[in-house]
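The report below goes through them in turn.

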Amino acid sequence: MFKFLFTFGLIIFGLSLGYLIQRMVGAQIIRLPLSLDRLRRVLLKTALLFINPVTVVGAVWVIRLKDTRILTLPFLGICAILLGGFLALLAAKLLRLERRQTGSLFTCGSFTNIGTMGGLVCYIFLGEIGFGLVSIYKLFEEFIYYTIGFPIAKLYSTEPGEKESLPSRLKKLVTDIFILVSFFSLVFGCLLNLSGVKRPEFYQTINSIFIPLGALFLITSIGLVMKISKIREYLKECFAVSAIKFIIVPTVITSFALMIDYQRIEGGFLLKVVIILSSMPVAFNALIPPSLYNLDLDLANSCWLVSTSLLIFVLPALYLVIHSF
């Protein structure tokens with residue numbers, strides 16, 4: 001119960017804090033020394049370029065990497081992203097959505113909050129080993145978004161826009177500082193793990209502070225740009241995406257994990273991580289393609305808000321499920 005309350009409390013606190021600051025600045029109740037966009041970028045950079053690399057290195061350092069089946073974990077992550085996108089396109093056809101709405105629904109079904117929400121839940125529910133496995137699961141996440149997610153979303157744009165070649169997208173991918181830092185943190189953690197050098201005892205204390213703190217910074221940055229509007233107009237779409245995110249994708253991906261015998265690897269931690277990460281809500285970056293390509297941004301925003309809010313029911317269910325194995 002404490003783990004559930006702490007996790008959900010941190011999420012609610014971060015979103016509420018960011019949203020409250022946003023509203024108070026908008027109403028000119030308070031004045032900040034920097035703009036909301038600048039504040040959001042500072043929080044993101046602090047979490048992703050400083051806090052997260054430290055936590056990832058320390059968490060991956062203590063994972064036992066002897067079983068080669070761990071190498072299949074990133075591919076389950078890929079399957080979850082692609083399956084969610086495919087199901088969203090199918091749902092859009094059943095709901096008879098127009099092109100702009102179909103593109104937005106696709107990004108909501110595909111883009112998943114693995115890093116912020118997923119990482120926090122895995123750490124609170126499973127500890128450092130669970131958090132370390134998150135980095136492995138999401139290894140190809142950005143690659144799939146850049147090379148498949150964005151181009152498919154753009155196909156549903158009502159405006160021609162500027163064409164961007166695949167080499168150009170790949171160049172952005174390999175030169176993105178956030179992606180590079182995340183990748184090299186994982187690599188460095190793996191090298192320390194394989195070196196046989198024992199991790200210092202104090203590192204556990206550092207991670208116990210840094211992991212929740214990094215999540216809080218990222219969640220607060222989301223609250224700074226959160227918009228609560230027009231959800232009633234998209235209830236069918238929201239429930240379709242929620243069914244994809246919380247029922248269909250987790251069921252399929254967990255079945256694959258059981259077939260690979262994940263329950264026998266790392267004391268069952270691999271299976272539990274897959275269950276949690278395949279059950280996460282819409283990622284905030286699912287709103288980026290609709291913003292870029294003139295898709296239905298209100299639909300994407302509504303699906304993000306509703307799926308994130310449903311964590312109040314999903315988290316206790318996940319806790320019960322992972323402790324049944």
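Which helix gives the largest share of the lining of the second largest cavity? Helix 3 does, with four residues. This is a predicted model, in which local features need pLDDT of at least 70 and side-chain atom pairs count only at pLDDT 80 or more, while totals for chains, interfaces and linings use all residues. Residues are numbered from 1 along each chain as its sequence is written, and side-chain values use heavy atoms, with hydrogens and water left out.

**Cavities**

Rolling a probe the size of a water molecule over the atoms shows where empty space is left. Here a cavity is a set of points, on a 1 Å grid over the protein atoms alone, where a 1.4 Å probe fits but cannot get out. A pocket is an open set with protein on both sides within 12 Å along at least five of seven lines. Lining residues have an atom within 4 Å of a point. Grid points are joined across faces, edges and corners, and a volume is the space filled by probe spheres set on the points. Helices are DSSP runs (H or I, at least four residues), numbered from the N terminus.

The whole structure holds two cavities of 30 Å³ or more. The largest cavity has a volume of about 70 Å³. Among the residues that line it are Ala80, Ile81, Gly84, Lys245 and Met280. Helix 3 (73–94) and helix 11 (235–259) each supply at least two residues of this lining. The largest share, three residues, comes from helix 3.

The second largest cavity has a volume of about 40 Å³. Its lining includes Pro74, Gly77, Ile78, Lys138 and Glu141. Ile81, Ile114 and Tyr137 are also part of the lining of the second largest cavity, and these residues line the largest cavity too.

Helix 2 gives the most, with eight residues.

The second largest pocket holds about 320 Å³. Of its 16 lining residues, Leu65, Ile70, Leu71, Ile136 and Cys190 lie nearest the centre. Helix 9 supplies the largest share, five residues.

The table gives the make-up of each lining. Ala, Val, Leu, Ile, Met, Phe, Trp, Tyr, Cys and Pro count as nonpolar, Asp, Glu, Lys and Arg as charged, and the others, Gly among them, as polar.

| Space | Lining residues by class |
|---|---|
| Largest pocket | 30 nonpolar residues, twelve polar residues, seven charged residues |
| Second largest pocket | 13 nonpolar residues, one polar residue, two charged residues |
| Largest cavity | seven nonpolar residues, four polar residues, one charged residue |
| Second largest cavity | six nonpolar residues, one polar residue, two charged residues |

**Surface patch**

Leu139, Leu180, Phe183, Phe184, Val187, Phe188 and Leu191 make a nonpolar surface patch of about 620 Å². Patch residues have over 30% relative accessible area and no salt bridge, and nonpolar side chains (Val, Leu, Ile, Met, Phe, Trp, Tyr) are joined within 5 Å. Accessible areas come from the Shrake-Rupley method with a 1.4 Å probe, and for residues only the protein chains shown count as cover. Phe188 belongs to helix 9. Phe188 counts as partly exposed because its relative accessibility is 47%. Buried means under 20% relative accessible area, exposed over 50%, and partly exposed in between.

**Salt bridges and loops**

The structure holds nine salt bridges. Each is a side-chain nitrogen of Lys or Arg within 4 Å of a carboxyl oxygen of Asp or Glu. Lys138 pairs with Glu141, with the closest N and O atoms 3.4 Å apart. Both Lys138 and Glu141 are buried. Glu201 and Lys198 also meet in a salt bridge (4.0 Å, N to O), but Glu201 and Lys198 are exposed.

Asp261 lies in the loop between helix 11 and helix 12 (269–277). Its phi is near 75°, a positive value in a residue other than glycine. Asp261 forms a salt bridge with Arg264, the closest N and O atoms being 3.3 Å apart. Salt bridges that share partners also join Asp37, Arg40 and Arg41 into one network.

Asn294 has a positive phi of about 60°, although it is not a glycine. Asn294 sits in the loop between helix 13 and helix 14 (297–309).

Definitions and conventions. Patch = residues over 30% accessible without salt bridge, like charges linked within 9 Å, V, L, I, M, F, W, Y side chains within 5 Å. Buried < 20%, exposed > 50% of the residue type's maximum accessible area, 1.4 Å probe, protein only.
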